[in-house]
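These entries record what I looked up in one structure, in the order in which I took up each topic.

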Amino acid sequence: MHTQTDSLQYDISLNGDPSADLWNEDLAPAREEDKTWTWQSISGLWVGMVVCVPTYMMAAGLVAEGMSWWQGVLTVLLGNLIVLVPMIAIGHAGTKHGIPFPVLLRSSFGTAGAKLPAMLRGLVACGWFGIQTWVGGSAIYIIVNIMTDNAISGSVIGFLGIDPGQLVCFLLFWALHVVFIAYGTESIRWLETYAAPFLIAMGLALLGWAYFKAGGFGQMLSTPSQFVAGGAREGQFWAVFWPGLTAMVGYWATLALNIPDFTRFARSQKDQFIGQTLGLPLPMALFAFIGVAVTSATVVIYGRAIWDPVELTSQMGGAAVVISLIALILATLTTNLAANVVAPANGFSNLSPSKISFKMGGYLTAGIGIAIMPWKLLESTSAYIFTWLIGYSALLGPVAGIMVADYFVIRKTKLDHHALFRNNGQYSYRNGWNPAALIALVVGILPNLPGFLHVAGAIDTVPAIFKEIYTYAWFVGLLIAAGIYLILMRNSLKPA
C-alpha cells in the first residue's frame, strides 16, 4: 500500500506531466522505502560533520579574545542551540514531504527563482569543499613525511606552487570523495553512521592521553577570563561575546538551509528531531572542550600551546601517528561529504534536472574543488578567507528566514507536490520568480552588506553602526527577511 508520498512520487514520475526542466529521480519526493535514516543515522551524520579540525580549534579564537575556557565552550554550545531551531524547523519539511533543499525553495522563491539561493548555498560549499580537501590532503602529506623521514617531499612544481607529494596526497584524498559521490547519499549515511563511534572514541582517547601525560589539564583551565575586574579586558565581555556567538551560529548556517537534503530520508519527525538535537549541540561543545583541554595540556607537555591537531600529531610520534592519520582522514572526509558535497550536488542538479543528476552534480563539485586550486586560494587571501566564508554564510540568514516564514506561516506546512514540479502551478508566480521573496532577500542582506564587505577586506572603513549590525548579522538578516516576506505575501497568496 502506497503512502501519500509514494503515490505522489508515482504520479509525478509516471502518470503526471512534470516540467522537464524541474524534475528528475534525484529531486523527486523520496519514496517510503528510501526513508531509512533513524535518529542514530542523523546523530551519526552530525557527529561526522562536527568532528573536524575547525571544530577542535573553534574555542581557540574565543580564548584568545579573553574568554575563560568555560565561557568559550558555553558560547559554542549556545550558538549551536540557536542554529538548531531553524535546523529542525527546515528539516521538518524534508521529512514530511521527502523533498531536497532546491525543491523546497520553489515554494517561496518560485520554480525558477529557487535556483538563485540554491546556487548561493552551493557555491560557498564548493569553496569549503576545495579547502577541506586540501586540509585533509595536507594532513596526509605531513604525517607520511613524519613516518618516512620526508620521503615524499620534493621540489615545487612551477605553475602549481606545490610539490609532487602534496599534489598526490591532495588527489588521493579528493578521489576518496569521488568514490562516495559515485555510490550516492546512502553510502554517505553508512559512512557517517559507522564513523561516528570511532570519532567520538578518538576524541576521548586524545583527551585521556593529554590528561595523564600532563598530570592534569594544566594552567589554561584554571586561568580566569580577561574580562573580570582587574583583567586585561575588564568590562568588555559582551563586545566579544556577541560577535563570537554570531560566528558560532554562522558556522552551521549553511547547513540550516539544506538540511532537507538529509531529513528527507528520515523515517519520522521524531527521528529527525532527536537525531539533530543529540547530534549537533553537545558534540560541538564536547569537541570544543577537547580542543581547549588538550591544548592546555600541551603547554605542560611541550612547553607551548599547540592548537593545530595536525601539528600536535607530529609531536606525539610512534603508533599515535598512524592512529591520528586515520582519525584525521575520516574526520575531514565525513565533514566534507555531508557539509560540502550534497548541497552543491543537488543545487547543480536543480539547474538542469533533465541533464544533471545528483552524481553528476557531485562530480561537478569535485571538479570545482580542483579547479579553484585551494592552496592558492588560502595563500592569496591568507587569514581572512575563513572569516569571509563564515561571513558569507551569515548573509544566507535571510534565506532561512524566508523559508521558515513561508513553510510554517504561509503554507502551514502543506505543499502541493505536483505544483513544485510544474512551470504553470501555484509556485510559478511571475515567470517562475516570486518578487516577494527576492525583495525580502535583498532587504534582509542590505543592512549586513557594509559590515560584510569590511570584514572581507573589500572596503577599509564603515560607520560604526554597520559594524554593530554585522555583529548580529545572521539574526538581523533572518528576522528582517522573514518580516518583509510575510508582509508582502499576506494578501497575495492563499495557503496551499
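Entry 1, confidence. I recorded that this is a predicted model. I found a mean pLDDT of 88 for the protein, with 94% of its residues at 70 or more. I then looked up residues 1-15, where pLDDT stays under 50. For this stretch the model has 26 contacts beyond four places in sequence.

I located helix α7 at residues 115-148 and helix α8 at residues 164-183. I read an angle of about 120° for their packing, and their axes lie 8 Å apart. The two helices are therefore oblique to each other. I noted the crossing of α7 and α8 as right-handed.

From α7 they include Phe 129, Gly 130, Trp 134, Gly 137 and Tyr 141. From α8 they include Gly 165, Cys 169, Phe 173 and His 177. I sorted the residues of this contact into 8 nonpolar, 8 polar and no charged.

I asked how many residues of α6 are buried. I found 9 of its 9 residues buried, and α6, at residues 101-109, is mostly covered. Among the buried residues I wrote down Phe 101, Leu 104, Arg 106, Ser 107 and Phe 109.

Technical notes: Residues numbered from 1 in each chain as written. Predicted model: local features only at pLDDT ≥ 70, side-chain atom pairs only at ≥ 80, totals over all residues. Heavy atoms only, no water. Axes fitted to C-alpha atoms, helices over the stretch in contact; angles between N-to-C directions. Helix = DSSP H or I, 4+ residues; strand = E, 2+ residues; numbered from the N terminus. Parallel < 35°, antiparallel > 145°, perpendicular 65-115°, else oblique. Left-handed = near helix turned anticlockwise from the far one by under 90°. Contact = heavy atoms within 4.5 Å. Nonpolar A, V, L, I, M, F, W, Y, C, P; charged D, E, K, R; others polar. pLDDT = per-residue confidence, 0-100. Buried < 20%, exposed > 50% of the residue type's maximum accessible area, 1.4 Å probe, protein only.
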